[in-house]
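Subject: Structure handover

Hello,

Here is the structure I promised to pass on. My notes follow below it.

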Amino acid sequence: MTVSVERKGAALARPGGMRASGFSMRTKRLLWVWGFLALPILFYSVIRFYPTLQAFWLSLTNWDLLRPAKFIGFTNYTKLFSDPQFWKVFKNTFTYLILGTPISLVLAFAIAFFLDRVRFLHGFIRALYFLPYLTTAAAMAWVWRWFYQPPPIGIINDVFGMLGLPQQPFIRSTDQALYSIMVTAIWAGLGFQIIIFMAGLRAISTTFYEAARIDGLGEWAILRKITLPLLKPTTVFLVVFSSIGFLRIFDQVYNMTTNDPGGPLGSTKPLVLMIYQTAFNSYAMGYAAAQTVVLFTILLIVSLLQLWILREKK
Amino acid sequence: MRKATLFAGLVAGFSTFAFNAAQAVEIEYWQYVFDTRVKAMDQLIAEFQKANPDITVKHVTFPYADYQTRVIAANMAGQGPDVMQLFYGWLDKFVAGELLQPLPADTFPHDKIESEFFPIVSAMKRGEDYYGLPTAVRSLALFYNKKLFTEAGLDPNNPPKTLDEFVAAAEKIAKHDASGNLTVAGSTLDMGGQDHQWWREVLIRQYGGTPYTDNDEKVNYDNEAGIQALKFYTSLQLEKKIGQAGFMDEGQAAFRAGMAGMTIDGTFRLGSFKTIKDFEWGVTELPANAEGVRSNYASYFANAISAKTEGEELEASKKFLAYLTSPEAMDLWLKEVGELPARRSAALTEKNVQDPIYGPFLRGLEYAHTTLFKDEAAQRQNAIDMANRVLLEGQSVEDSIKQAAEAEQEIIDAAKP
């Protein structure tokens, strides 16, 4: 097959051959490429881009699933921006992002950095860190939910009791609930980030380190001058990936607070949960679409901003 | 020759099959998945088909969380059930969306409905029309743990009858450890469970108020009655320390585990509590106030006919709905699901009223109220937040009530079709 194609190619390359088949080699290649690309493009257009555009349109309507959608201009947006509930949710979402992303990345890097040097039981320890990532978020959230219970059933409070520390309300408190849930989300995502960081660390050629050591650089300098800069592509990927994850946090919150979703008093509610409730509890689809557009815009801005800040400076 | 006979037989077989198919009407029935309900409905359908061989009923179920969305989405696609189950609180939405048709008055005459069913079926009436009828209804009662009663020196055969007795019993049962943590609750406090109904339809009325006016479209609890009711409720945790919101995660879990002396819950919890092996429990009517005023909250899933059903299917659907709301079906439902018959005659039999478990629920039905929720989830959330502001943030009961009343009015106004 390849042989015949090459022969044809050779024939086409000769003057006059082009006219015989009607297309140049270049055009043929392009046709092939686009032929293969057409399928995913079509797929994405139908199941991604079309619904996205549809959501933009819906956000300008009062659609409630039951009656035909009516165009109402920017009413949904003005309602959203004047809703104190939205600003609370907005603040919660950014708390998850601004604290969650750096903490999880620093932790993941530190663990990956040291785990990389461990030879004893290396595979086992790595598996232990990765395990939570494989577990269903819902199952994990429920286990943590029970850990956080007040006495007599919460394990953490039991331990506090034994150590003589005061009991904590955790997810029953408006001050602690968000952080209690954030800890579980960080813990759950850690394994994945460690694996990616370790792959990044392994990809750095050991010759750089050898050269640095011969030149007499200390460990700290090696970390700052060699490891971190060369790890930048990995870091950029993880920052973007983890930020999007925290901006879209839902499973942990929903499952840890099912009796009072996003509570108590909305103190743990992220934007995605608000969208879910607006759409599937109140059936205000138009209003939910407006919230989705806002979330989309935030995700877009945050991602572009990060790519720009962490860009390769030439 | 043998082949020919065989062929003739086959043809005959097919033709009778085809003939039957032409005669038979198939209707679709939708409800949500709940094991005992699905089993009971399968039995009812089998009985119905035996009596009506020309009708087949296709039973379709969905998980509860998806159920409403499925019904609405199917309707948009021009499909969906002929007869469907719906929570009474969804009626406004379903009527506004033209999902349902009024019950034909020839099969379901209004005077019959009003005289034979419990008055709470009026929640299915809009304008001059009834849009559905329930097979079974649910009410609330006080469950109590006889073992904890005995341990606390209380008479397990004489459960509290008034709110004062309720508090006194709970105070005796509640236990705390050295640092003041609750280890056994006197009674559960769980606004996310049934307590918000207790507060709304029972406590407010016992303190002399009515939670809503104008067909439940005007919030009417930002007053002394509402304040007193919420004060009583929150004082159970803050002052009397007989329970704690979030204790053992959920009220029903605490009671099941034998860690709570009492809990207020509905008939729908009977199935789950019947599997308790560690202790004996009893049921009694919700406590009355000092003047003997009682109230209760009743709710139900009704069965209704889809707006698009017509012709033969409509006739078959009418027959099926009539069967589902017959005393016979109600008896079976009570036995299999544990929910109370919606007809007085089927419910208030000597045997049922004397039943130690069904009796208190049935007596509660006589004076029960049914809130006409506009957005059930949001109104429930509002009550949870109202209690949490007092319990967690130390807001004054007066301010919390005021805020809750304003917020709920907004929810009701926004949900108006």
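How many Å separate the centres of domain 1 of chain A and domain 2 of chain A? Taken over C-alpha atoms, the separation is 45 Å. Please keep in mind that this is a predicted model.

**Chain A: overall form**

The domain assignment divides chain A into domain 1, residues 2–49, and domain 2, residues 77–309. The secondary structure of chain A is 15 helices and zero strands.

The dimensions come next. Along the principal axes, the C-alpha atoms of chain A fill a box of roughly 90 × 70 × 35 Å. A compact globule of 314 residues would have a radius of gyration near 20 Å. Chain A has 26 Å instead.

Of the 314 residues of chain A, 30% count as buried. Take the contacts in chain A with a separation of 6 or more: 64% of them join residues 24 or more positions apart.

**Chain A: helix H6**

Helix H6 of chain A covers residues 122–134. Its 13 residues, at 1.5 Å a residue, should span 18 Å.

**Chain B: two domains**

Chain B is also assigned two domains. Domain 1 is made of residues 23–139 + 299–369. Domain 2 is made of residues 140–297 + 374–415. Their centres, taken over C-alpha atoms, are separated by 29 Å.

The contact between these domains takes 18 residues from domain 1 of chain B and 19 residues from domain 2 of chain B. On the domain 1 side, helix H16 (358–366) and strand E17 (368–369) of chain B each supply at least two residues. H16(B) gives the most to that side, with four residues.

**Chain B: a sheet**

Chain B has an open sheet of five strands. The order is E8-E9-E12-E7-E13, and the pairing is mixed. Strand E8 (175–176) and strand E13 (281–284) of chain B are the edge strands, each pairing on one side only.

Inside the sheet, strand E9 (residues 182–187) and strand E12 (residues 260–266) of chain B run parallel. Two bridges join them. B:Ala185 has B:Ala260, in E12(B), as its bridge partner.

**Chain B: B:Pro109**

B:Pro109 sits in the loop between helix H4 (91–96) and helix H5 (110–116) of chain B. Is B:Pro109 buried, exposed or partly exposed? It has 13 other C-beta atoms within 10 Å. A residue is buried at 20 or more and exposed at 12 or fewer, so a count in between means partly exposed. B:Pro109 is therefore partly exposed.

B:Tyr130 is 21 residues from B:Pro109 along the chain. Their C-alpha atoms are separated by 9.6 Å.

**Where the chains meet**

The contact between the chains takes 24 residues from chain B and 20 residues from chain A. Which elements of chain B give two or more residues to the side that touches chain A? They are helix H3 (64–76), H4 and helix H17 (376–393) of chain B. H17(B) supplies the largest share of that side, eight residues.

Best wishes

Conventions:
Residues numbered from 1 in each chain as written. Chains lettered and ligands numbered in written order. Predicted model: local features only at pLDDT ≥ 70, side-chain atom pairs only at ≥ 80, totals over all residues. Expected span 1.5 Å × (residues − 1). Rg over C-alpha atoms; globule rule 2.2 N^0.38 Å. Contact = placed C-beta atoms within 7 Å. Domains from an automatic or database assignment. Pairing = 2+ DSSP bridges.
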